[in-house]
Amino acid sequence: MLEIRDLRKSYGKLVALDGVDLTVSRGETVVIMGPSGCGKSTLIRCVNRLTEPDSGTILVKGQDIMALDSGELQEFRRNVGFVFQQFNLIGRLTVLENVMFHLVLGGMDLEEARSRGRVVLDKVGLKGAEQRRPHELSGGQQQRVGIARALVTNPEIMLWDEPTASLDPILVSEVLEVMEELVRTTATTMLIVTHEVSFALRVAERIVFMDKGQVVEEGVPKEIFADPQSEIARLYKRLLVT
Amino acid sequence: MLVFFRDGFYKDLIILLVLTVIIGAVFAQGVAWAIDTYFGDTLDGMIGEYGEYDVILHIREEAKETALRELERIGEQSFPGYKLNQTLTIAGQANFFFGFPETHRTKEVLEGITSYFGAVPGINGYTLMVEPSVLIRGVHPAVREDLMEQIEALSGVRFVVKDGVNLVVVLAEEDGSADITRKVEDILQKYQILELRFPMGFEVDTQEVGEQALAILHSHSSPGQSEYKNVTSAQYGEDLDAFLKALVEMRDFLGSYASQVRLVPDPQVNLGVGELIILEDDLLIEVTGIYGDHVEGMIVEGSPVQSMDTIVQAGYRYLGPGERGEFVADVEIENERYRLAYAVDESLRLLAELEELSVQASTAVNNAEGVLTTFQEALMQLEVLQVQMRQLNEGITNGDAKSSGEQFLVTLLLNGLFQTLAQGVIHTGEESLDSLQNLDIEEMRESLAGISAQISNVQEIDVAAIMEQIGFVRDTLPNLNDAEIGQSIRLINTYLGGQVIPGERVQLLIEGQHVDEKALESLFREELENPYMHTYSTSVGMVTPDARGEVFRILKEVRSIVAGMLSIIFTMIVLVLDHATVFSTLKFLRANDRPNKRRWARLFNPLLVLGGVLGSLILTSVYYLSRSQIPFVSLPFVVFLGFALGGLIVVFAERFSPVHSMELMAGQSLGLSNVQIMREIVIPPSRPGLLNLLNRFRQQF
């Protein structure tokens, strides 16, 4: 489904990605973990070119993402859901509008878009909050709106960029529950960046550890945590134990 | 970057640009027009409607009450139906606007203003403001009458009024103003004043030279081509004459105060006035005059050795700093300034010695008088003794001689005594004594008294005061070196040479085909044998707008300046409110672009160019369409200013109009096109401007 080869990205002298190779199969849930600044978010943003890589190849269903022109890229992005760490909701729109406005702009009938919007909002537990504005919601609710917005197009790939990082611990669980539910109930390919070790252990089919812009270890969660090879994996194992 | 516009946003931007320019031009023009109208109405309020008043009478402020009563009396008595209005008082001068009734608006009345209003208390003069009229300024007196005659013959002209050196052409109708102005200009164009100016120091008989110049003109022109007339008028005022005279004196003084430079040119070398010669000790000499073999110069750089003697050095042609050419002359320099200073110092020494000398001479005369008195007394005693001796001698000779031995003894004693007393002075006996007696002791005494009196006179002279004054003169001598003197003389010469202050001048009136004054200059120089004269050409008068026209011209300028300033302000506002948002977005998107590997492309910022072009386009269009005109600001400068403003907006775009980058990124991740991102995400929360307003018609959410 997704194949990344020798992906490189630098911000000036800072090397964010240093030759990353990664393959994700259709319907697979892959969790990327690693210390802050190791390049996780950059990697996930490169997948839909929110961040332009310096070099490397990204293939989605065999299609070279790097070769897409502006229109093709927009089309590609409509099939890729992206959940941001900071929610990135449109402040002036209502919850429902946030979820469905891009469907309308993409050409869908307004009523159909509303209907689909309500369905996904119900799915993430926000039924009844359709007419509220983002600033009237809690962080967890806002993130669930963000998830609904990503889900509403039935994307083939979902990219999660630390969706719980901006939430306080009480609100984290409500988002993780939604995510777990989605993983269980949909066949969408998921690439999740998170620090939630227990969540990763529960939902990930494969965990990828990154450090200093490189993939240092990857494998099935139970195997990795049973016998971590890298220092980073060992550190995360200790977190799991505590 | 072009991708950003390609998917549709360019249409929004074009509409925005067109509307911006139209609104900007209308706004700038409208505000300027409003100001123009306001000031125009205010002006009408102050100086009346067009043609309402004919003359402004300037009255001293303290007399304005009395003057008002007198003006009302004159109006009622001489001009029934007159109009009078007191307006601004400026710098202690009140201004009364007086309008004559139509029947009295005649040439005679307007030329006789002084006879009507000359006795008004506190009057300081008047200014004609008859409307409609055309004003001709600075009319040459030689053509005034001719001009009046010709202009009055024009259709649409009521009459022409003399107003000092100006002519006021009073028109029948306002509409004919432009046409009459053109015709008057055509008449003026027929005349030309050719002026021959001579530098100071060339005093010429202007009438005689004028006639000579006329003859030259006649001899070098085709018959009937033009008419020439000598119209030389009076020279300058007394003040200027005195000033010029002082300058000449100053130049002569400096010339004699400077070191005198004479040159003995090499026979093979031709020297010219103004040529520079450098000496062995780097003194720079300028040749100031050539009189046959006698060549004079002036030091313009450096100072000569201080010496009483004449300094002789070899002079070389000066080719530039540090460069000298061939030998051209032996140069003799006499340092007059040093000689003068030396003479003054010696005078001071002499006076000091003189004072001492008079004291000593007085003592000597007193001593001489004492000696003379002693000598006179001694002479009297000798005389008595001589008589006694004679008597004794006679007694011895004529009496009974007791013995020849006694006689001999007495004679011997007397002779010895005589010798002792007279000590050789009277050793010759009676003859010598007689000669002593013949000395005129009294005359000698008188002579001594005369000398004494003269010495007393000398002593009475206040030598200290003289010395103090000579010292003062020495101290007040200009502290200038030769180079400074030379440069000062050069500067004075430029003044006297006519470059700053003209010297004598001859004026010729040319009617018909104009002459080329510069072409004639060399001819006049040659024929009049004066290589320093210059020729100038002037018109016989200049058509200018009337007072109100002048004020309205200024108002028009103000309107143009206001429109220009508003154009700039409007452009800045538009750039900040509308375009900063666009550039802010573009900068965000560009930051996420793949870095260009080509070095030149990394240095080149297309956003700056785009901003500059946009700024130029808006400002130049608004400026041009609003008919703006700021003095000293040319259209290319406006283009540049617009470019700079646009560039500035690009640099500070995020500060002027920050975009919500999170929302923008969300839009990208949802697969929205750039135009959708702009319309739905970026512009709606942006600053309220035209872009925001126009966007409301396009945004869906």
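Across all chains, a search of the whole structure finds 19 aromatic pairs. Rings of Phe, Tyr and Trp (its six-membered ring) pair if their centres lie within 6.5 Å; planes under 30 degrees apart count as stacked, over 60 as edge-to-face and the rest as tilted. This is a predicted model, where local features need pLDDT of at least 70, side-chain atom pairs count only at pLDDT 80 or more, and totals for chains, interfaces and linings use all residues. Residues are numbered from 1 along each chain as its sequence is written, chains are lettered from A and ligands numbered from 1 in the order in which they are written, and side-chain values use heavy atoms, leaving out hydrogens and water.

Take A:Phe101 and B:Phe701. Their ring centres are 6.2 Å apart and their planes stand at 80 degrees, so the pair is edge-to-face. Both residues are buried (under 20% relative accessible area; exposed is over 50%, partly exposed in between; 1.4 Å probe, protein chains only).

Now B:Phe79 and B:Phe100. Their centres lie 4.8 Å apart with planes at 70 degrees, so this pair is edge-to-face. B:Phe79 and B:Phe100 are buried.

Next, the charge over a ring. The charged end of B:Arg197 sits over the ring of B:Tyr536, 4.6 Å from its centre (NZ of Lys or CZ of Arg within 6 Å of the ring centre and within 35 degrees of the ring normal).

Last, B:Leu43. At 9% relative accessibility, B:Leu43 counts as buried. C-alpha to C-alpha, B:Leu43 and B:Asp293 are 73 Å apart in space and 250 residues apart in sequence.
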